[in-house]
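Student: I have a model open and want to talk it through. Can we begin with the ligand shell?
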Amino acid sequence: MSKKSFNIAIDGLSGAGKSSIGCQVAKRLNFTFIDSGLFYRYIADRFYLDDTIQLNEIRLFKNEMIGNSSYYLQEIEFYLREKNSQEKLQIGQKASEISKVPEIQNIINEIIQTITKNGGYVVVGRDATTKILPNARVKLILEADFETRVYRRAKQLNAEEFETIGKVFSDLLKRDVDSFDLVLEAKKVATIINTSDLSIEQVVARILSRVLWVRFSDYNMLHLIIFILFVFVYTLRAHFSEKIESN
Ligand SMILES: Nc1ncnc2c1ncn2[C@@H]1O[C@H](COP(=O)(O)OP(=O)(O)OP(=O)(O)O)[C@@H](O)[C@H]1O
Ligand SMILES: Nc1ccn([C@@H]2O[C@H](COP(=O)(O)O)[C@@H](O)[C@H]2O)c(=O)n1
């Protein structure tokens, strides 16, 4: 079995650590990292103008992206990295709006499913385990207390003024409400890791040990199947040669 023949899906509420942890896990395993939220942000920023969603352009983008995925994965990250914290918050709000459009969700899910079909990807997003990669071999959901997530996000955005921290607070609260049902669904299929009292390194270590265990059990399952087949063939052979001898 190829080392990379499986995918890892990481779900969780905003600020739980999906991107920072998923990125580290991908690096350690030499997998490719995909932050599905960046697709929503990129599409919202480029194709949601004057309150109009340019669906035709988004459909064309899907074809381009599928045909040239490695270029676009870098392009999307680069495009958004340059934005300042206020812009990021605004793009996040637009992204949250467009994510409610089922056709856009389907387009983004289809792009990611096509890119990841051969395995070797870590995909993060608030519906990664349920909608994007329901067949991922490793499915995880990261949790953290609300206050911890507000603190982390404010620190990440260098938000010091009361007003910006207030925006972070209300933005997270709104996104928690939007994601509530999805997270409940994810909890049915994914392994929960609470990151509130863990450092990024500790969470990464837990995930890597889980991946190691999955690889170990897949590998041993394969050996077990080969062993059972071998015993079966051997018994049949012994049975028939006994019959031939007695005739
Ligand atoms: N276990 C942790 N300990 C300390 N800080 C953390 C931990 N996990 C994440 N962080 C920090 O919290 C911030 C938010 O994390 P991150 O962006 O990875 O969350 P996310 O779940 O991807 O959020 P979103 O869904 O909004 O993109 C980052 O600055 C990150 O460095
Ligand atoms: N799998 C996903 C990922 C994101 N969204 C929506 O996009 C917005 C931006 O996502 P971030 O993870 O970068 O914050 C977010 O508010 C979600 O509404 C999604 O629907 N599915």
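Tutor: Of the shell around ligand 2, the largest share comes from α2, with 4 residues. Helices here are DSSP runs of H or I with at least four residues, strands are E runs of at least two, and both are numbered from the N terminus.

Student: Which other helices supply at least two residues of the shell around ligand 2?
Tutor: Besides α2 (36-47), they are α5 (85-98), α7 (128-132) and α9 (162-189).

Student: How many residues surround ligand 2, and which are the closest?
Tutor: The number is 16, and G37, Y40, S96, S99 and G125 are the closest. A residue is near if its C-beta atom, placed from the backbone, lies within 6 Å of the molecule.

Student: How should I read the numbering and the model?
Tutor: Residues count from 1 along each chain as written, with chains lettered from A and ligands numbered from 1 in written order. The model is predicted: local features need pLDDT of at least 70, side-chain atom pairs need 80 or more, and totals for chains, interfaces and linings use all residues.

Student: Overall fold, then. How many helices and strands are in the chain?
Tutor: The chain has 10 helices and 7 strands. Its radius of gyration, over C-alpha atoms, is 23 Å, well over the 18 Å from the globule rule for 247 residues, so the chain is more spread out than a compact globule. That rule is 2.2 Å times the number of residues to the power 0.38.

Student: What does the C-alpha trace span along its principal axes?
Tutor: About 90 × 45 × 30 Å.
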